[in-house]
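Subject: Structure handover

Hi there,

Here is the structure I promised to pass on to you. Have a look at it first, and then read my notes below.

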Amino acid sequence: MKRLKRLKQMTYCLFGALLLNSCEYRIHENFVELEKPSAEVQMGIELNVDNDGETIVVMSRSGQIPYNLATNGLKPIGCIFRIGDQSVRMPGGSGRLDLWNFNLPEDNYTLTCEIYLYTGTGSIAEQSGQESYMGKYEWPLKIADPGDYSRKLRHRVNEDGYLEVSWDKIPLGASTFAYYRVSTNYKEIIVRDINQTSFVDRSYVGGWNGYRVEAHFSDQRESWFCGYLDLEGGPDLKIDYSRKDSIVINWTNPYRAVISIQDESGTWIVKESPNRTFCIPYGAFGAREEAYSFYLEAENPKDRDERMFCHDYQLINRSRGTCIAPEGNWPRIGYNSLLSQLYVSSYNEVTSWSIPSLEPTGKRGNLLLHVYGYGFSSSTEKIVVHESDIIYIMNGNDLSKEVTIPVDGNQWIPGKPLLTADNKLLFVAVYPLKLRVYNALSGDLEYSFDIPVRTYGDVQTRITPDGKFAYYVYDWGEIGVLTLDNYRVTGQSVIRTSFQFWCVNPIRSEQLFISNKGSLTRYDSRNKSVTGHWNIPADMQVSNIDPESGLLLLYGQEKAIIFNPANGREMYSLPVSSGHSYWLYGNTLISNTGYALYLGEELKR
């Protein structure tokens, strides 16, 4: 425990240099000036208290200050300690000043002490206690709590790009100071210089980390809490998809660091690079989002700590094109060629997107349940949206509901309903397999037809946009065809063919396309004749024919081909992600992973 320098040595003052009072004793009505001592009077006070060389430091507002008066033979009467307008009278020549008597909050104050001594004159006034000498002393006083956990550390990025943490010097002298202990989440640093009040952490590159600084003392007293600091936040990552050939990743970070980037498979795309911009090639079209990991480490390998790195995840759209699926979920897709708009649903919400810009129109519609699919409506600005047992006819522009048609008997709709220009709604429902025709304005059922079928093992149906044919799976290896006139069944036939996948031509409704193990075959359903045959890769399957361009889409495990059935030429091909489904509408390739890519320019070449 250290005493102030002017306290450690007893302070002796000449009587004439001190503020000494000669008290007056009242005798009758006259005041008699007492005789002043003829010799020099020496006095002082010794405080046994912590200090920083100038200021008394008390570690609690209820702490004590031991004191002792040095009077050089004169008998002490006592002293008065004052702090502000509060005072405490202490008798005798020594004792302990209890600060709790002052009821003081932790703060900075001035402590004064007035010392009263018997004069030694032997006068009646002295004998009656009415005569004394006084010396007055004062000191700066700081009342502090060593365990005040509200103290905070300061931090900055220094000129060299490293984190610098700083704190206030403890308000005590160096005699009992042992060291500062700087603690982080992963390590501890000891600082033994009381005047060093900062620490540079060369390992910190961002992310969450906590810092705590305490001062410890050689006399085993309670440590002094200097402050705490919690840091968080990783690199600022920006993903740019504006380039057609690659994804651009930009990152910024205030600290000196290098970055490593790892893809979802564990492959390192970038390893310990100081560069702040990277280009990553797109993956195959339709690839789902991938979680990329970004690791930041100290630039200098000597400064690295395997526990001190910044780790961040970012979902990267590896597919070319635009993600049009709400929340990136598996979408259902509709298309209206008159409005040049795509309609997309993942749950019960309908959103619309313009072609070719692939910008959202901002219009939304909501259904009660999840959207099951969309119908054909190429000759009207209305769209058909259906749940499992309800069909909605909606305005294709503002997505408002116009007509609601329930499907009877817990049946469901396996194919796409058809909405015609003269407001007829046609669809096939199961079970049993039945063609239904409704008035799309009133919702009334106008016609139904029980479709003969031998198997329900593969329920697929197609109704052509002109309302002239309805196709369905009649049996294994057989496609049934219904011929319609004025939306009534007038004929039935079966095309016997081996097939894996099939579609119909929305522009020429009599054309049926079959793909099977490396071959593509075109049939004329009117006479069941083969009108075209092409060899295709064995893994290729037919998807659909674009109702606008008439081009046919084929896709396999790693590739999609856009094929012109009119001249038998391949128009365009591109890599696609395996295991997904693809469609072509309005020269726009769409994946069931929720991506759309406009290929109008490529198909013109």
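Let me begin with strand 26 (332–336), which gives the most to the lining of the largest cavity, with four residues. Strands (E, at least two residues) and helices (H or I, at least four) are DSSP runs, numbered from the N terminus. Please keep in mind that this is a predicted model, in which local features need pLDDT of at least 70 and side-chain atom pairs count only at pLDDT 80 or more, while totals for chains, interfaces and linings use all residues. Residues are numbered from 1 along each chain as its sequence is written, and side-chain values use heavy atoms, with hydrogens and water left out.

**Cavities and pockets**

Both are found on a 1 Å grid over the protein atoms alone: a cavity is a set of points where a 1.4 Å probe fits but cannot get out, a pocket is an open set with protein on both sides within 12 Å along at least five of seven lines, and lining residues have an atom within 4 Å of a point. Grid points are joined across faces, edges and corners, and a volume is the space filled by probe spheres set on the points.

There are three cavities of 30 Å³ or more in the structure. The volume of the largest cavity is about 100 Å³. Its lining has 15 residues, and Tyr335, Gly375, Phe376, Pro547 and Tyr585 lie nearest its centre. By class, eight of the lining residues are nonpolar, six polar and one charged. Here Ala, Val, Leu, Ile, Met, Phe, Trp, Tyr, Cys and Pro count as nonpolar, Asp, Glu, Lys and Arg as charged, and the others, Gly among them, as polar.

The largest pocket has a volume of about 960 Å³. It is lined by 35 residues, with Pro414, Gly415, Lys416, Arg462 and Trp583 nearest its centre. Strand 26 and strand 46 (541–545) are among the elements that give two or more residues to this lining, and strand 46 gives the most, with five. The lining holds 22 nonpolar, ten polar and three charged residues.

The second largest pocket has a volume of about 510 Å³ and is lined by 22 residues, including Lys244 and Arg320. Strand 52 gives the most to this lining, with four residues. Nine of the lining residues are nonpolar, seven polar and six charged.

How many of the residues of strand 5 are buried? Five of the seven (residues 64–70) are, so strand 5 is largely enclosed by the rest of the structure. Buried means under 20% relative accessible area, exposed over 50%, and partly exposed in between (1.4 Å probe, protein chains only).

Two strands pair if DSSP finds at least two bridges between them. Strand 5 runs antiparallel to strand 3 (residues 44–47), with four bridges, and Glu46 has Asn68 in strand 5 as its bridge partner.

A nonpolar core is a set of buried Ala, Val, Leu, Ile, Met, Phe, Trp, Tyr and Cys residues joined through side-chain atoms within 4.5 Å. The largest has 27 residues, of which Ile45, Ile56, Ile65, Phe81 and Leu111 touch the most other members. Strand 9 gives the most to this core, with five residues.

Happy exploring!
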